[in-house]
Amino acid sequence: WGLGEIRINCGSRIPAQGFVGDRSYSDGSKAYEVTEASGDNNSIYSTYRAFSSEGYYDVLISDGSTVDVNLYMSEPKYTSPNERIFRVDVNGVQAPATVDLYAMNESSPTKIHIPKVDPDDDDMIRIQFSPLKGDAIVNAIEVPPFRFKSYSYTLQIFTTSFVYDDD
């Protein structure tokens, strides 16, 4: 068995804090940069991806292992509850009921943990964002280290010798 891990810095093509640049998202979304008061623009909270209509990330899990999913979010704009409300579905399962980042944690970073997610038949996890009021947003996606089966292969190479006689 080996270990796998997926960490995506949403909204930026630049890696940050061990997260790779943005990838695997649906069309129709936009990337934004936030200037942080701390001046730390290399954190995962300095960029985000916003979905003004339904959008998603597709994440391939190498062998179909059951995994946990962590979503990192921080409200970049609104200063009161009920201004940005959206749903997150992971492979068709809604978790949590709805997201209102300001009501959950004001403008502080929020981590939403979705445990024991089973990939679909194609070993994919679809993280669907559905805005209800304002845009749905995400700063980073993480699939923490998980065990996957590793396989070893034996490669046999056969060679044939030819003798060339120019007589």
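Mentor: Start with a side-chain pair: a polar contact of 3.3 Å joins Gln128 and Glu54. A polar contact here is a pair of N or O atoms within 3.5 Å; within protein, one must be able to donate a hydrogen and the other to accept it, and residues adjacent in sequence count only if both atoms are side-chain atoms. This is a predicted model, where local features need pLDDT of at least 70, side-chain atom pairs count only at pLDDT 80 or more, and totals for chains, interfaces and linings use all residues. Residues are numbered from 1 along each chain as its sequence is written, and side-chain values use heavy atoms, with hydrogens and water left out.

Trainee: Is Gln128 buried or exposed?

Mentor: Buried means under 20% relative accessible area, exposed over 50%, and partly exposed in between (1.4 Å probe, protein chains only). The relative accessibility of Gln128 is 17%, so Gln128 counts as buried.

Trainee: In which strand is Gln128 found?

Mentor: Strands are DSSP runs of E with at least two residues, numbered from the N terminus. The run that holds Gln128 covers residues 124-133, and is strand 10.

Trainee: Why does Asn91 count as partly exposed?

Mentor: Asn91 is found in the loop between strand 7 (85-90) and strand 8 (93-94). Asn91 has a positive phi of about 50 degrees although it is not a glycine. Asn91 counts as partly exposed because its relative accessibility is 26%.

Trainee: What is the phi of Ser24?

Mentor: Ser24 lies in the loop between strand 2 (20-21) and strand 3 (29-33). Ser24 is a residue other than glycine, and its phi is positive, near 65 degrees.

Notes:
Helix = DSSP H or I, 4+ residues; strand = E, 2+ residues; numbered from the N terminus.
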